[in-house]
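Open the model in your viewer and keep the selection tool at hand. Each stop below says what to pick and what is there.

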Amino acid sequence: MANISRRGILAAGLGGVALVAAGGAWRVTRTPQTAMGPWELDPNPPEDVRLDAFRHAILAPNPHNRQPWVIRLLGDSEAVITADLARDLPITDPFDRQITIGFGTFLEIARIAAAERGYAMMIEPFPDGEDPSGLDSRPVAHLRFEQADDVAREPLFAQIVRRRSNKEEYDLSRTVAASDLGAITSAGGSFTADPAIVSKLRDEIVSGIETEMLTHAANMESVELMRIGHAEVDANPDGIELHGPLIEAGKLVGMVNREELADPQSTGFHQGLEMMRSTYGSIPSLVWITTPANTRADQLEAGRQYVRANLEATALGLGMHPMSQSLQEYEEVQPMYARVHELLGATGNERVQMLARVGYGPPVEPTPRWPLETHLT
Ligand SMILES: Cc1cc2nc3c(=O)[nH]c(=O)nc-3n(C[C@H](O)[C@H](O)[C@H](O)COP(=O)(O)O)c2cc1C
């Protein structure tokens with residue numbers, strides 16, 4: 001799942017045409033107005049602790065920002081979470097493994113936010129059973145919220161609204177301290193900053209993103225989820241958002257559009273590919289999460305560990321960027337899958353669920369979110 005950032009498109013589509021004439025007012029009206037609204041939490045929390053937990057949980061990292069979370073409140077202290085099956089990623093995530101990881105991140109953030117209010121959130125995963133080949137209409141989790149005096153509040157709570165997936169290049173002159181990587185993986189996971197190992201993994205990671213972009217069906221899954229320009233981002237605050245003055249200008253003059261980004265012969269595509277090679281290859285250190293097998297419970301646990309790592313990295317001022325191509329199931333990436341599992345020492349049934357680079361990067365903006373109301377049934 002490639003996320004071509006606006007910088008790539010800018011380089012790709014406009015070939016350096018600077019928008020010097022763009023005035024302040026133009027910029028103001030050409031930025032998304034509502035898409036990032038859910039990050040600005042009302043300082044007066046909802047009375048219902050469940051809504052408070054979920055308004056935080058919808059800020060969780062999730063594959064391709066599909067936000068497939070459907071929430072049904074039950075009685076006054078329970079909730080059922082199911083998947084919006086139309087929000088799957090059939091090519092790059094054929095068994096909904098990554099989508100399930102994204103439910104793990106959602107549940108862990110909900111749990112941390114409930115704890116902040118003095119509530120324990122009890123999770124019963126897949127109460128009506130599960131299908132390893134794909135999610136279905138059965139619940140992903142049944143939740144029960146219970147007020148308790150001994151619920152531990154978590155320092156990571158403060159990072160929920162600050163957390164990002166930072167997809168920019170990192171400062172390769174700054175090493176990441178082993179103690180920081182240890183803290184980031186304290187809930188689970190492993191790390192390396194060893195240049196020799198990083199270099200071998202970088203080859204596989206970069207091959208993975210190249211393969212994704214050059215595999216038509218996989219690339220089209222990304223292209224179809226692109227929201228190009230502020231109006232599309234506000235209308236569909238999910239997927240891959242491309243906005244900013246140069247995107248708007250490129251769109252206006254017909255240089256930034258889906259056709260260009262879908263065409264491997266186009267200049268835009270090639271420059272986008274180059275940009276992905278640079279960002280995916282910018283790896284001061286790596287963290288990964290391996291589970292003993294690949295059950296739905298393993299996937300939820302991987303999501304829980306991943307988001308804790310991402311929150312911890314945020315607290316330490318570090319950027320984190322998952323790069324999942326070499327961990328996916330479709331045929332074209334299987335050579336990278338095998339080598340990454342071997343390099344990371346995963347044997348038998350062990351499954352590497354997440355692989356992310358960690359380093360010092362420039363600050364980045366939050367990504368769009370649908371408002372909480374749209375997730376409630
Ligand atoms: C299971 C999973 C896999 C992901 N894989 C990738 C990836 O391969 N490439 C990437 O750029 N981002 C990846 N992401 C990050 C998402 O794109 C990101 O969480 C989403 O766009 C929302 O942005 P945010 O995390 O900044 O809020 C992944 C996230 C999750 C949970």
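Select Leu201, Glu204, Ile205, Val206, Gly208, Ile209, Thr211, Glu212 and Met213: these residues of helix H6 are buried in this predicted model. Now extend the selection to residues 195-214, the whole of H6. The helix holds 20 residues. From its first C-alpha to its last it reaches 28 Å, close to the 28 Å expected at 1.5 Å a residue.

What do the buried residues of H6 pack against? Colour helix H7 (216-223), helix H11 (267-280), strand S8 (285-291) and helix H13 (334-343) to see these partners.

Next, colour by domain. Domain 1 covers 6-36 + 162-359, and domain 2 covers 46-160. Their centres, taken over C-alpha atoms, are 23 Å apart. The contact takes 33 residues from domain 1 and 29 residues from domain 2.

Stay on the side of domain 1 that touches domain 2. H7, helix H12 (296-315) and strand S10 (351-359) each supply at least two residues here. H12 gives the largest share, 16 residues. By class, this side of domain 1 has 13 nonpolar, ten polar and ten charged residues.

Last stop: the ligand. Which of the 19 residues around the ligand come nearest? Select Pro61, Asn65, Ser165, Ser324 and Thr367. Then show helix H4 (residues 97-116), which provides the largest share of the shell, four residues. Domain 1 and domain 2 each contribute at least three residues to the shell around the ligand. Colour that shell by class: six residues are nonpolar, eleven polar and two charged.

How values were computed. Residues numbered from 1 in each chain as written. Predicted model: local features only at pLDDT ≥ 70, side-chain atom pairs only at ≥ 80, totals over all residues. Expected span 1.5 Å × (residues − 1). Buried ≥ 20, exposed ≤ 12 C-beta atoms within 10 Å, placed from the backbone. Contact = placed C-beta atoms within 7 Å. Near = placed C-beta within 6 Å. Nonpolar A, V, L, I, M, F, W, Y, C, P; charged D, E, K, R; others polar. Domains from an automatic or database assignment.
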